[in-house]
Amino acid sequence: MAIGIQPGDRTLDSLGYAAAGLVPLTAWLVRVCATVEPPAARACTAAAAGPARAHAAALLTGLGGALLTGLLAAAYTLLVCDPAGHAPVRAALTGAVAVGVCALTGAAVGAVCGPPLLPGRGLAVLGAGLGSLLAWVAPFSPARVAVSVLIGAARAGAPEPALPPGLPVGALLLAGAAGAVACAAVARRG
């Protein structure tokens with residue numbers, strides 16, 4: 001997450017790039033968490049808790065791992081980068097929200113690009129890659145908006161970047177809807 005961040009880089013630019021990297025990372029982690037258990041262990045978990053709850057737990061585990069990684073990358077960015085006239089507390093809060101928005105968007109991509117909706121590995125990996133690319137470029141994507149605001153504020157020299165107020169809620173609804181579709185498909189298949 002923080003590999004391209006150099007000491008002395010502008011904080012907001014670096015936060016934007018670190019948050020953008022969370023989209024494919026989260027999609028991959030969510031898919032891995034949904035497929036890591038052997039079929040027999042997954043069947044036992046599904047029998048005990050229900051297939052939808054077992055799948056939801058796997059999706060949330062992937063999201064939690066990505067959020068932790070994103071927050072560590074944001075903390076590293078805040079420690080080594082140059083604030084360049086930006087209020088450090090405001091930049092930290094905006095960066096944390098951007099990390100959350102990008103992780104939620106990546107979780108939505110991972111939920112629809114994993115089993116049971118895309119059961120094959122090849123199609124799932126291709127779908128996650130294309131979904132991540134779409135999340136970076138589509139004008140309606142919460143991840144694109146969050147990253148664009150951070151990078152635009154850094155380039156314009158704006159002292160306090162401001163994300164649209166409904167952006168985190170939109171990302172949460174997107175991830176929730178994608179997770180619900182995936183869990184419903186798992187429950188239907190049994």
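Guide: A term to start with: a nonpolar core is a set of buried Ala, Val, Leu, Ile, Met, Phe, Trp, Tyr and Cys residues joined through side-chain atoms within 4.5 Å. Buried means under 20% relative accessible area, exposed over 50%, and partly exposed in between (1.4 Å probe, protein chains only). This is a predicted model, where local features need pLDDT of at least 70, side-chain atom pairs count only at pLDDT 80 or more, and totals for chains, interfaces and linings use all residues. Residues are numbered from 1 along each chain as its sequence is written, and side-chain values use heavy atoms, with hydrogens and water left out.

Visitor: How many residues does the largest nonpolar core have?
Guide: The count is 36, and Leu12, Leu22, Leu59, Cys102 and Ala146 have the most contacts inside that core.

Visitor: Which helix gives the largest share of this core?
Guide: H4 does, with 10 residues. Helices here are DSSP runs (H or I, at least four residues), numbered from the N terminus.

Visitor: What about H7, which residues are buried there?
Guide: Among them are Leu167, Ala171, Gly179 and Val186.

Visitor: Changing topic: how many salt bridges does the structure hold?
Guide: One. A salt bridge is a side-chain nitrogen of Lys or Arg within 4 Å of a carboxyl oxygen of Asp or Glu. Here Arg10 and Asp13 meet at 2.5 Å, N to O.

Visitor: Is Asp13 buried or exposed?
Guide: Asp13 is buried, at 9% relative accessible area, while Arg10 is partly exposed at 33%.

Technical notes: Helix = DSSP H or I, 4+ residues; strand = E, 2+ residues; numbered from the N terminus.
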